[in-house]
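Me: I'm new to this one, so could you walk me through it? I'll ask about a few parts as we go.
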Amino acid sequence: MAETNFMPSVLRNLSRDGWLLFVTRFARLFAYGSLSIILVSYLIGLGLTESQVGLILTLTLVGDVIVSLYLTTRADRIGRRRTLIIGSILMAAAGLAFACTRNLFLLVIAGTIGVISPSGYEVGPFLSIEQAAMSHIIPAKARTEIFAWYTLVGSLATACGALCGGTLTQALEHTRMTQVQSYRAVVFLYAALGIALLFLFTHLSVLVEVGAVPNRPRSSANAANVFGITKSRNVVLKLSALFALDSFAGGFVLQSFAAYWFYLRFGVEPATLGAIFFWANVFAGISSLLASRLAARIGLVRTMVVTHLPSNILLILVPLMPNLSLAVLVLLLRFSISQMDVPTRQSYTMAVVPAEERSAAGGFTGVARTTGAAVSPLLAGFLFARPSWINAPFFIAGTLKIVYDLILYSSFGKLHPPEEQ
């Protein structure tokens, strides 16, 4: 009997650990997507102001910076599996805390220490460690394509989560539940998926761990050694600064705030919001597959820039649309190319650092992105609290992202990864 060939060869050859990392990616991003659709509305429904919500989201990201930096820069020493399990516990604990209290101080503590995603995208120590583990068990030439599929799975999961969060909320509101209670059900779902991740990560094998590296410097006196990067320090620091700028810009239009903008501007209901961001994330995920093919032709850095620039112009155009249909159309067009830089950026980072520094480099650049995104939600909260300023976050985000693209190309356009040399 002939073998079915609908699956790409890079996925057919993926090991059990590789498939498990795909499953954990889907479960985690599904949780993030479902929460992002209702998080701002839920917190406001608890009685918080827009400014207080912005404060919570900012401190949530600040806490993520500290926790992620500590865990990811030590993951290759204390164990990647063990670190991922710790992250799962923090995710489940944060979800339970958000579901069980409306006290501002307790919400700040839970958001700061735990793992909460207000954007629908990756937070916590998971992404960098999973990518380091994946890079450890796959060939270098297959890395970008596998990362593209990995990004697609995450985008589809975020899309399904957004659709589920919006639909579930709408359905529960037709029962005897209040609006806040229906939102709380989604928060409990988030916590349950955190617990599920804990059990999934326990089934990873020892093959995902980095082996002992001979002659590796062990002195803790050097700050670079403390953070797990030595040889790649200069490259990682430059990339981190640029990624921080990009994320600072993106923090103005987190999926939670974008959904809230559609509610304020056009009165869009939760189920419709879920559908909008379902398709937005589906288009984003599909575009990631095109990114790997484009990168094979023009290189990773060029792919990042030429796809990111037009998406940022579209972002600026969203609030200029006169009606809901056109605003959604421009948003979907923007999402259809906005994530093409994600697998290429991730693959590039893993390619230009030594294998023993991948978890730390991924963690350091990931923390830089979270740091950049930590301040802007607070500023966005103040803008959303003023009806005449609700469009400003889109203009600020798009402009800053264009600046990021131009600096990225001028700084790294000539630094090619090994497989492109």
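Me: Which residues of H5 are buried?
Reply: In this predicted model, the buried residues of H5 are Arg80, Thr83, Leu84, Gly87, Ser88, Leu90, Met91, Ala92, Ala94, Gly95, Phe98 and Ala99.

Me: And what does H5 reach from its first C-alpha to its last?
Reply: Helix H5, which covers residues 80-100 and has 21 residues, reaches 31 Å between those two atoms, close to the 30 Å expected at 1.5 Å a residue.

Me: Switching topic, how do the axes of H11 and H16 cross?
Reply: The axes of H11 (residues 233-250) and H16 (residues 341-351) come within 13 Å and cross at roughly 160°. That angle is over 145 degrees, so H11 is roughly antiparallel to H16. H11 passes H16 in a left-handed crossing.

Me: Which residues meet there?
Reply: From H11, Leu239, Phe243 and Asp246 meet Arg345, Tyr348 and Thr349 of H16.

Me: Now alanine 291, is that buried or exposed?
Reply: Alanine 291 lies in helix H13, residues 270-298, and is buried, because its relative accessible area is 0%, with the cut-off for buried being under 20%.

Me: What is alanine 291 in contact with, leaving aside neighbours within four places in sequence?
Reply: With those neighbours left aside, alanine 291 is in contact with Thr303, Met340, Pro343 and Thr344.

Technical notes:
Residues numbered from 1 in each chain as written. Predicted model: local features only at pLDDT ≥ 70, side-chain atom pairs only at ≥ 80, totals over all residues. Heavy atoms only, no water. Helix = DSSP H or I, 4+ residues; strand = E, 2+ residues; numbered from the N terminus. Buried < 20%, exposed > 50% of the residue type's maximum accessible area, 1.4 Å probe, protein only. Contact = heavy atoms within 4.5 Å. Expected span 1.5 Å × (residues − 1). Axes fitted to C-alpha atoms, helices over the stretch in contact; angles between N-to-C directions. Parallel < 35°, antiparallel > 145°, perpendicular 65-115°, else oblique. Left-handed = near helix turned anticlockwise from the far one by under 90°.
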